[in-house]
Amino acid sequence: MALSDDLARLSARAKQAEDRAAAAKAQAREQLQATVQQVRDDTEQTAAELRRKNAEARDETKSWADGIQKSWDEHLAHTRERIDARKTQHAADRAEADAEDAEDYAAYSIDLAYSAVEEAEYAVLEAVLAREDADTAAQTVGA
């Protein structure tokens, strides 16, 4: 798959997340809970796929990929612990603070994803430039 196709896939997924977030405001609580569970299941499946791909690429980028994967797994575990703990709280005085924390976390996650998209764009452009350099060098050697 070409890197530009990967960027298109990322863009489509970001649009899907945007659409789901907008639709969530109109969903009944039971539907919203089902949607939240489905998205959680999807993120776990995506994380498992990321771990599988990480294992395939480990020989080339072991220390870098392991650090990223460990950080991501810890982040997911910590976030899920916080979400699960929040579900057990029913005190009305905490509901507003929890909502604000969730909104702040969502805004941070969006900023993090935006940064990842920018980094992906940079990596793609750098790869295109490197490919052009390699092609030029190959032509020079062949001439």
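Is Asp42 buried, partly exposed or exposed? With a relative accessible area of 22%, Asp42 is partly exposed, since buried would mean under 20%. The model discussed here is predicted.

**Overall architecture**
- The protein chain contains 3 helices and 0 strands, and its pattern along the sequence is α-α-α.
- Of its 143 residues, 8% count as buried.
- The chain exposes about 11300 Å², of which carbon and sulfur atoms supply 57%.
- Among contacts with a separation of 6 or more, 47% are between residues 24 or more positions apart.

**Salt bridges**
- The whole structure holds 8 salt bridges.
- Arg20 forms a salt bridge with Asp42, with their closest N and O atoms 3.9 Å apart.
- This pair links distant parts of the chain, as Arg20 lies in helix α1 and Asp42 in helix α2 (residues 29–88), 22 residues apart.
- Asp19 and Lys15 also meet through their side chains in a salt bridge (3.0 Å, N to O).
- Because Asp19 and Lys15 are 4 residues apart in helix α1 (residues 3–24), about one helical turn separates them.
- In helix α2, Lys70 and Glu74 are likewise 4 residues apart, and their side chains form a salt bridge (3.9 Å, N to O).
- Lys70 counts as exposed at 54% relative accessibility, whereas Glu74 is partly exposed at 47%.
- Arg40, Glu44 and Asp84 are linked in a network of salt bridges.

**Charged surface**
- Glu96, Glu100, Asp101, Glu103 and Asp104 form a negative surface patch.
- Within this patch, Asp101 belongs to helix α3 (residues 92–142) and is partly exposed, with a relative accessible area of 33%.

How values were computed:
Residues numbered from 1 in each chain as written. Predicted model: local features only at pLDDT ≥ 70, side-chain atom pairs only at ≥ 80, totals over all residues. Heavy atoms only, no water. Patch = residues over 30% accessible without salt bridge, like charges linked within 9 Å, V, L, I, M, F, W, Y side chains within 5 Å. Areas by Shrake-Rupley, 256 points an atom, 1.4 Å probe, with all protein chains shown as cover. Salt bridge = Lys/Arg side-chain N within 4 Å of Asp/Glu carboxyl O. Lys, Arg positive; Asp, Glu negative; His and termini not counted. Charge placed at Lys NZ, Arg CZ, Asp CG, Glu CD. Helix = DSSP H or I, 4+ residues; strand = E, 2+ residues; numbered from the N terminus. Buried < 20%, exposed > 50% of the residue type's maximum accessible area, 1.4 Å probe, protein only. Contact = heavy atoms within 4.5 Å.
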